Amino acid sequence: MTQTLLEVKNLITEFHSGHEKLRAVNDISLQLNRGETIGIVGESGSGKSVTALSVMRLIASPPGKIISGNIIYHHPEKGAVDLLAIPEKEMRTFRGKEIAMIFQEPMTSLNPVFTCGEQVAEAIRLHFSVSKSEAKERVIRLFEKVKLPRPAAIYDTYPHQISGGQKQRVMISMAISCGPSILIADEPTTALDVTVQAAIIDLLKEIQEETKMGILFITHDLGVVANLADRALVMYKGNIVEQGNIHDIFSNPQHPYTKGLLSCRPPLDIRLRALPTIPDFMVENADGSFKATNFSINDLVEKLTVTKDESAARKKKLYAQEPVLSVQNLKTWFPVKSGIFSKTKEYIKAVDDVSFDVYPGETLGLVGESGCGKTTLGRTIIRLINPTEGKIIFRGQEIHSMEQDKLRPLRKHIQIIFQDPYSSLNPRLTIGSAIIEPMQVHRLYANDKERKEKVFDLLRKVNLKESHYDRYPHEFSGGQRQRICIARALALNPEFIICDESVSALDVSIQAQVLNLLNQLKQELGFTYIFISHDLSVVRFMSDRIAVMNQGKIEEMDDADEIYHHPKTDYTKKLISSIPKSFPSDFLSLTSHSR
């Protein structure tokens with residue numbers, strides 16, 4: 001018989017700022033059963049995380065407040081308990097022990113001044129009367145359960161000394177340390193490699209199978225939900241607009257917003273010239289209401305699919321040219337240890353004997369897990385890092401050995417878009433100033449009036465407004481900030497752009513818009529890209545060829561479709577098998593074999 005663990009009834013949560021009121025969660029209801037996983041899906045601002053924080057009663061007041069509703073937890077001994085009606089002191093006995101939460105960013109969730117083991121042990125000792133030694137034993141057993149390497153050593157390791165995936169496993173250990181009945185996972189895999197993401201999902205499945213706990217899994221990516229959840233709730237502007245079992249949601253989505261979310265992620269079985277986006281399925285009115293368009297997913301796919309003849313003609317044209325960039329036997333090594341009396345050194349071989357060519361108008365995808373050397377390679381090519389050995393030849397000029405002052409004129413031809421738009425924009429400069437600054441440095445155009453007109457043109461090109469010129473970075477969303485960074489990269493009229501994980505932290509819908517924009521600009525302005533990412537589905541959509549990196553070396557390099565359909569190395573096969581299946585056709589072909 002199904003056992004209900006949690007009932008959320010007519011929950012309303014609001015945030016107040018001055019005279020303004022934002023209803024972040026608008027009268028939603030849901031029910032979670034033992035052993036069940038519910039995926040809560042939606043873009044940033046849809047109300048997913050606020051729903052989770054409301055269940056935990058962690059809404060900061062002010063400015064937030066739970067206005068009304070009931071959150072009923074069915075305790076095995078106490079029966080039905082309304083978590084909104086009990087005192088805060090009693091609520092603390094439920095947090096962690098009965099209902100636990102994994103937060104999105106493990107680095108900010110773990111205390112940097114305590115070891116990983118101490119932080120998990122603290123959670124155990126808070127809820128159970130155990131000695132320090134017994135708590136430590138439990139923690140080490142938990143670290144073994146979540147498959148952390150060297151569990152005893154990691155007990156005494158600080159968060160900054162381990163990888164993002166390992167930090168997330170520490171957080172999972174902490175969340176399950178007291179045997180909770182309910183686990184709330186808020187975007188726990190968003191910034192992780194696809195292989196680490198797949199491992200975390202498998203781990204949660206394994207723990208759930210063993211403990212029969214209920215899981216609320218919050219994400220913007222329907223592909224992740226497809227691989228984990230039994231049911232999905234789709235949230236839009238604080239409302240649940242659609243819900244149902246996973247197969248129904250993917251095979252027959254009813255709401256246009258769900259159709260848009262499903263279509264935003266690059267498909268795996270076909271190649272599209274542009275990704276469908278949410279505005280293709282629904283048009284939002286000024287009053288916040290929306291109107292569905294007449295497009296279906298199949299209509300858009302048929303319209304946007306690249307034919308074999310188109311693909312062959314493009315390749316023939318691309319590779320008939322001379323390379324714009326040639327990388328030959330490139331090495332970038334970092335010394336990590338040297339003895340006081342010894343001349344010997346140990347090195348991290350971040351880039352180790354890498355060679356390839358890039359052709360004008362081509363997009364070369366560079367894919368691999370974190371730590372494989374792809375970002376170091378990108379930064380070495382643009383000479384933000386100096387190479388140890390090898391050659392970098394751009395337009396016939398050997399730039400690997402150039403002095404920085406001689407490099408400066410070349411920098412306007414090669415630009416980079418960094419991963420994090422938050423930290424790559426100066427918070428004290430308006431976006432107009434940020435975009436106009438490189439033009440002033442390189443003395444482009446006659447005066448600042450002409451430069452300002454160019455900035456207006458760039459803002460329009462990346463789908464922003466002229467009125468945004470005098471605004472500051474904090475006034476924009478993540479997707480808008482990334483567009484600002486793209487506009488800044490375009491300010492010098494470059495011919496070669498390195499995109500370093502430039503869409504990895506964005507919602508799938510915003511990611512699709514940015515990817516489409518980059519492809520559109522490539523067609524209009526003739527750009528050449530190196531596109532760096534750990535997500536092979538995104539790289540395949542963007543790229544003509546793909547180079548797969550592992551431990552500083554290129555494992556294999558070939559046509560993008562050939563890499564995907566006929567991978568040669570075990571490492572590439574592992575990357576491909578870890579890609580979440582989220583496009584309807586990909587998911588349904590998967591489920592027809594596995595369910």
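**Close-up 1. C264, a buried cysteine in a predicted model.** C264 has 0% relative accessibility, so it counts as buried (under 20% relative accessible area, with over 50% called exposed and the range between partly exposed; 1.4 Å probe, protein chains only). Its closest cysteine sulfur sits in C499, and at 19 Å that is too far for a bond. Local features here need pLDDT of at least 70, side-chain atom pairs count only at pLDDT 80 or more, and totals for chains, interfaces and linings use all residues. Numbering runs from 1 along each chain as its sequence is written, and side-chain values use heavy atoms, leaving out hydrogens and water.

**Close-up 2. C485, with no disulfide partner.** Searching the whole structure turns up 0 disulfides (pairs of cysteine sulfur atoms within 2.5 Å). For C485, the nearest cysteine sulfur belongs to C499, 11 Å away. C485 is buried too, at 4% relative accessibility.

**Close-up 3. The second largest cavity, about 50 Å³ in volume.** It's one of 3 cavities of 30 Å³ or more in the structure. A cavity is a set of points on a 1 Å grid over the protein atoms alone where a 1.4 Å probe fits but cannot get out; lining residues have an atom within 4 Å of a point. Points are joined across faces, edges and corners, and the volume is the space filled by probe spheres set on them. Around this cavity you'll find I382, R383, I399, L407, L410, R411 and I414.

**Close-up 4. Helix α15 at the cavity lining.**

How values were computed
On a 1 Å grid over the protein atoms alone, a cavity is a set of points where a 1.4 Å probe fits but cannot get out, and a pocket is an open set with protein on both sides within 12 Å along at least five of seven lines; lining residues have an atom within 4 Å of a point. Helices (H or I, at least four residues) and strands (E, at least two) are DSSP runs, numbered from the N terminus.
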